[in-house]
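Thanks for coming, everyone. I have one model to walk through today, and I will keep it brisk. Please look at the sequence and the structure as I talk.

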Amino acid sequence: QRATGVDIMVDDTPGMIILSSFDPVRREIARVALEMLLKDGRVHPGRIEEVVEKAQKQVQKDVTRAGEDAAREVGIVGVPKEILQYLGELKFRTSYGQNVLKHGTEMAHMAGVLAEQLGANVKTTKYAALIHDMGKALTHKIEGKHHHITGEIARKYGVAEDVAHAAEAHHDDMEATTLEAVIVRVVDAIS
């Protein structure tokens with residue numbers, strides 16, 4: 001618990017361990033570390049720290065790969081590495097029972113088709129759809145609505161304003177002022 005910052009509850013039910021944390025990446029690190037420790041059978045303080053460090057490196061690789069794979073899958077190049085990091089973290093997050101990273105890639109595919117049909121900028125629309133829920137990777141660290149956080153982070157790392165606006169305006173509390181933003185809002189509702 002100390003090494004990962006995750007609450008670990010061992011249930012009376014045989015083979016049942018519950019990991020609890022608002023940070024899904026920390027929870028994944030704890031899961032990987034616990035599996036390594038239980039497979040190996042050597043559970044003592046020095047070994048725990050060593051295994052948690054290995055788990056952190058492994059999960060970081062998974063996060064990086066997941067973000068890069070998502071961008072590659074939808075054909076978006078030149079995404080800042082910080083944005084890819086946040087996207088990758090969404091691999092370990094769900095919303096309404098749906099994996100948030102898969103939701104973003106699904107939306108990007110649909111958004112690209114609609115943008116092409118409607119004469120909107122395909123790259124802008126796909127990029128915005130892919131990153132629209134990026135703020136969910138930070139809602140446990142930064143106060144605010146996830147779509148506003150997405151807009152702030154996108155702008156912070158130099159994402160074009162048309163992409164940042166289309167991603168940020170996918171909920172009704174902001175006006176979607178471009179065709180690309182309307183498409184992102186529509187495909188979010190569909191997905």
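Predicted model: local features only at pLDDT ≥ 70, side-chain atom pairs only at ≥ 80, totals over all residues.

**A walk through the helices**

Is Lys-156 buried or exposed? Its relative accessibility is 59%, so Lys-156 counts as exposed; the cut-off for exposed is over 50%. Now look across to Ile-83. Lys-156 and Ile-83 are 73 residues apart along the chain, yet their C-alpha atoms are separated by 10.0 Å.

Now the overall picture. The protein has eight helices and four strands. In sequence order, the pattern reads β-β-α-α-α-β-β-α-α-α-α-α. Along the principal axes, the C-alpha atoms fill a box of roughly 60 × 30 × 25 Å. There are 191 residues, and buried ones make up 46% of them. How much of the contact set joins residues at least 24 apart? Taking contacts between residues at least 6 apart in sequence, the share is 50%.

Next, helix 1. This helix covers residues 24-40. Its 17 residues should span 24 Å at 1.5 Å a residue, and the end C-alpha atoms are 24 Å apart, so the two agree. Its buried residues are Pro-24, Val-25, Glu-28, Ile-29, Ala-30, Val-32, Ala-33, Leu-34 and Leu-37. Strand 2, helix 2 and helix 3 are among the elements that cover them.

That brings us to helix 2 and helix 3. A pair of packed helices is described by the angle between the axes and the distance between the axes. Here, helix 2 is residues 45-74 and helix 3 is residues 81-89. Their axes come within 7 Å and cross at roughly 105°. Helix 2 is therefore roughly perpendicular to helix 3.

Which residues meet? From helix 2 we have Gln-60, Val-63, Thr-64, Ala-66, Gly-67, Glu-68 and Ala-71. From helix 3 we have Leu-84, Gln-85, Leu-87, Gly-88 and Glu-89. Sort the residues of this contact by type, and you get five nonpolar, five polar and two charged.

Pick out Ala-66, in helix 2. Ala-66 has 10% relative accessibility, so it counts as buried; the cut-off for buried is under 20%. Set aside its neighbours within four places in sequence, and Ala-66 is in contact with Gly-88, Lys-91 and Leu-101. Ser-191 is 125 residues away from Ala-66 along the chain, and the two C-alpha atoms are separated by 20 Å.

On to Lys-123, in helix 5. Its relative accessibility is 47%, so Lys-123 counts as partly exposed. Which residues does Lys-123 touch, not counting those up to four places away in sequence? They are Ile-76 and Val-77. Lys-123 and Lys-57 are 66 residues apart in sequence and 32 Å apart in space, C-alpha to C-alpha.

One more backbone point. Most residues other than glycine have a negative phi. Tyr-96 is not a glycine, although it has a positive phi of about 55°. Tyr-96 lies in the loop between strand 3 and strand 4. With 87% relative accessibility, Tyr-96 counts as exposed.

Last stop, helix 8. It has twelve residues, 179-190, which should span 16 Å at 1.5 Å a residue. The end C-alpha atoms are 17 Å apart, which agrees. Its buried residues are Glu-180, Ala-181, Ile-183, Val-184, Val-187 and Asp-188. Why do they share a side of helix 8? They cover an arc of only 160° around the axis, which puts them on the same side. In general, an α-helix has 3.6 residues a turn, so residues three or four places apart point the same way.

What covers that buried side? Helix 4, helix 5 and helix 7 are among the elements over the buried residues of helix 8. The face turned away from the buried side carries the exposed residues Ala-189 and Ile-190.

Technical notes
Residues numbered from 1 in each chain as written. Heavy atoms only, no water. Helix = DSSP H or I, 4+ residues; strand = E, 2+ residues; numbered from the N terminus. Expected span 1.5 Å × (residues − 1). Buried < 20%, exposed > 50% of the residue type's maximum accessible area, 1.4 Å probe, protein only. Arc of directions from axis to C-beta. Contact = heavy atoms within 4.5 Å. Axes fitted to C-alpha atoms, helices over the stretch in contact; angles between N-to-C directions. Parallel < 35°, antiparallel > 145°, perpendicular 65-115°, else oblique. Nonpolar A, V, L, I, M, F, W, Y, C, P; charged D, E, K, R; others polar.
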